[in-house]
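Notebook open, new model loaded. I want to look at cavities, then cores, then a helix.

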Amino acid sequence: MGVGVKVNVWGDYALFSRPELKVERYSYDIITPSAARGILEAIYWHPGMRWIIDKIYVKNPIQFTSVRRNEVKSKILASNVLQAYNGADKPLYISTKEDIVQRASQLLCNVSYTIEAHFEMTEKANTSDNPGKFKDIIMRRLRKGECFHAPYFGCREFPANFALCEEEEIHTAYDVVAEKDLGIVLFDMDYSDPENIKPMFFRAVMRQGVVDLRDCEVLR
Amino acid sequence: MSEVIKNRYEFVVLFDVENGNPNGDPDAGNMPRVDPESGLGLVTDVCLKRKIRNYVETVKEDAQGYKIYIKEDIPLNRSDREACADMGITETDDKKVTEELKKLKKNDPGVDLKLKDYMCRNFYDIRTFGAVMTTFVKASLNCGQVRGPVQIGFARSIDPIISQEVTITRVAITTEKDAENKNTEMGRKTIVPYGLYRAEGYISANLARKITGFSEDDLELLWEAILNMFEVDHSAARGNMAVRELIVFKHSKELGDCPAYKLFDAVEVKKNEDVEYPRKYQDYTVTVHEEQIPDSVEVRRMN
């Protein structure tokens, strides 16, 4: 086991897209381990270390709201562009108004979590690096609110506030709920083969408001 | 070009609307967006970014280095092509471009970085907000996602807003057929009589330095664009919109001096006590509690 930290994160909105519903995005009920990792990496990361999420405490009730926005389709038909590019009578400028789609997002609102995580050293660490050094940097950043970039809940328009968790006992909104099954949730992406990045899933079960990720079965 | 920014920033923008619709909700027949639980008005991040882009486009008129990537009326792929042309690729056929890029990638492993830099250098909005340039991914070139330093959240009104429906008539009839039967057509507008909105934003100096090269000049242009974003955006739907105040927090370091929420909490916007229905900016008082802000953070109020 590496060195552990507990971080409180909270914000007005969050969107942890379900991969099966990503055109009209629909959030998972809870923050995914990969989103939690992303938040910690926004605060501190180095190639010589790897964040591992141990537990997620769900401190606010799970609530949804929806927002529909005009969005740009990521790609337009290449053939159209080609015609515009070569064609004589087709105008070079295609109206992007045609390229706009309205998409709804189902967001979580008023979220608050405590992320319990630790880091492990990787082989890319410099010889001068050691867990104590990383730990000191991380603790300083958490105490002073320093970060590489502002962390966010799933999408950048939903910024996350963060602070070091110094509570002895963490209270969740589901303290009295013995067990709540949240279904299959994205665990993280497997980047071990950069040519073929694969998603990994796990069965998220919240017990007394806590999702324990240690020793969970990862489905590929 | 001037130097890349060296400080982290946070900012609060206060803007108001009078008899207009700041941001329509496509889910609600273009009524002003409202947070259903609190009744507070919403303006999405992308709405504000569009205004900033439009302002920069108007002022800079596509000057070198200040092009705008996401434009009305220009296909995205065309802009990507410009990057390819810069790398000596002149093929217009999509397949061939992909092949050429693959070849280039083999010969020059850094080509994706070069393409990314080209895009960042030329397009102000990519430098600022980032972009997803998926066209390159096809050739397994990952110039792909560029994360920009500037991040904006949803804007929310200080007090609940009400949206008022205003029915209007016009004497001109659209179709011949309708003209035989009636003299006027009815239309509908929804307005917010008054609303003061607050948006919060973040600027990461690290992303500026490592990825997009967002510079001090770009930053000044961003402030200018935020202050004037509604000045070039007048329309029948908007009514009177204006940025009333821009409060900028400049940290002394690249990583920042204190948590962002502490700075945002220090900005208090309150309806004056004797006001029941706010109808003007003067009905509010804005206080920046300097005592809650570390001395190393420089506060700049612009209006």
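What volume does the second largest cavity have? I get about 70 Å³ for the second largest cavity. This is a predicted model, so I keep in mind that every value here is computed from it. I find six cavities of 30 Å³ or more in the structure.

Next I looked up what lines the second largest cavity. From chain A I note A:C147, A:A150, A:P151, A:A160, A:N161 and A:F162. Chain B brings B:R8, B:E10, B:Y202, B:P259, B:A260 and B:Y261. The elements giving two or more residues to this lining are β5 (161-164) of chain A and α9 (260-265) of chain B. Sorted by class, I have nine nonpolar residues, one polar and two charged.

Then the cores. The largest nonpolar core has 55 residues, and A:F16, A:I31, A:Y113 and A:F153 have the most contacts inside it. Several elements of chain A supply at least two residues each, including β1 (3-14), α1 (33-43), α3 (131-144) and β7 (198-207). I see that β4(A) gives the most to this core, with eight residues. Apart from it I find another core of 40 residues, with B:I68, B:Y124, B:A199 and B:A205 among them.

Last entry: helix α1 of chain B, residues 45-60. I count 16 residues in this helix and a reach of 23 Å from first C-alpha to last, close to the 22 Å expected. The buried residues of α1(B) include B:L48, B:I52 and B:V56, but also B:D45, B:K49, B:R50, B:K51 and B:R53. After α1(B) comes B:E61, with a positive phi near 45 degrees.

Methods: Residues are numbered from 1 along each chain as its sequence is written. Chains are lettered from A and ligands numbered from 1 in the order in which they are written. This is a predicted model: local features need pLDDT of at least 70, side-chain atom pairs count only at pLDDT 80 or more; totals for chains, interfaces and linings use all residues. Side-chain values use heavy atoms; hydrogens and water are left out. On a 1 Å grid over the protein atoms alone, a cavity is a set of points where a 1.4 Å probe fits but cannot get out, and a pocket is an open set with protein on both sides within 12 Å along at least five of seven lines; lining residues have an atom within 4 Å of a point. Grid points are joined across faces, edges and corners, and a volume is the space filled by probe spheres set on the points. Helices (H or I, at least four residues) and strands (E, at least two) are DSSP runs, numbered from the N terminus. Ala, Val, Leu, Ile, Met, Phe, Trp, Tyr, Cys and Pro count as nonpolar, Asp, Glu, Lys and Arg as charged, and the others, Gly among them, as polar. A nonpolar core is a set of buried Ala, Val, Leu, Ile, Met, Phe, Trp, Tyr and Cys residues joined through side-chain atoms within 4.5 Å. Buried means under 20% relative accessible area, exposed over 50%, partly exposed in between (1.4 Å probe, protein chains only). The expected span of a helix is 1.5 Å times one less than its number of residues.
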